[in-house]
Amino acid sequence: MSAPHDADSPAAGVPDTASATTSNRSGTVTVTATDRGQPSEVCIDQRELRYGSGRLAAAILEICHASAAEAKVRRREDLARAGVRADILDRLGLPTREELARSQRTDELDEPAPTSWMRPL
């Protein structure tokens, strides 16, 4: 539960959380998560079940992390529009859109290439 905002507070009218939805490259696992990393919806295509529970769990956690990162950026943008200063947003650990993009590029470079470009229909 959050404390009520004073009407003159910079964060007045801003929701307590933000959320975002992210999918894996093939679109077979989709997770909606809050800026605090809590998943609120998980959709799994039946084709993912053939890879086993360990791989599926790892994919869900990875996508949940990506959704939470996007939600944090959205939360920062909402608070900035409400007048919260950038230095405070930095101290809250809310990344900018540019910081998220840089992090995603780094993650993509570290990710191994797929063993096959073929996808089941």
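The lining of the second largest pocket has six nonpolar, four charged and no polar residues. Nonpolar here covers Ala, Val, Leu, Ile, Met, Phe, Trp, Tyr, Cys and Pro; charged covers Asp, Glu, Lys and Arg; the others, Gly among them, are polar. A pocket is an open set of points on a 1 Å grid over the protein atoms alone, where a 1.4 Å probe fits, with protein on both sides within 12 Å along at least five of seven lines, and lining residues have an atom within 4 Å of a point. Of the 10 lining residues, Asp35, Arg75, Leu79, Leu92 and Leu94 lie nearest the centre.

This is a predicted model, where local features need pLDDT of at least 70, side-chain atom pairs count only at pLDDT 80 or more, and totals for chains, interfaces and linings use all residues. Residues are numbered from 1 along each chain as its sequence is written, and side-chain values use heavy atoms, with hydrogens and water left out.

Now the sheet. Three strands form an open sheet in the order S1-S2-S3, with antiparallel pairing. Strands are DSSP runs of E, at least two residues, numbered from the N terminus, and two of them pair if DSSP finds at least two bridges between them. Strands S1 (19-23) and S3 (39-44) are the edges, each pairing on one side only. S2, residues 29-34, pairs with S3 over five bridges. Thr30 has Cys43 in S3 as its bridge partner.

Last, one residue. Is Gln46 buried or exposed? Gln46 is exposed, because its relative accessible area is 66%, and exposed means over 50% with a 1.4 Å probe, protein chains only.

Conventions. Helices (H or I, at least four residues) and strands (E, at least two) are DSSP runs, numbered from the N terminus. Buried means under 20% relative accessible area, exposed over 50%, partly exposed in between (1.4 Å probe, protein chains only).
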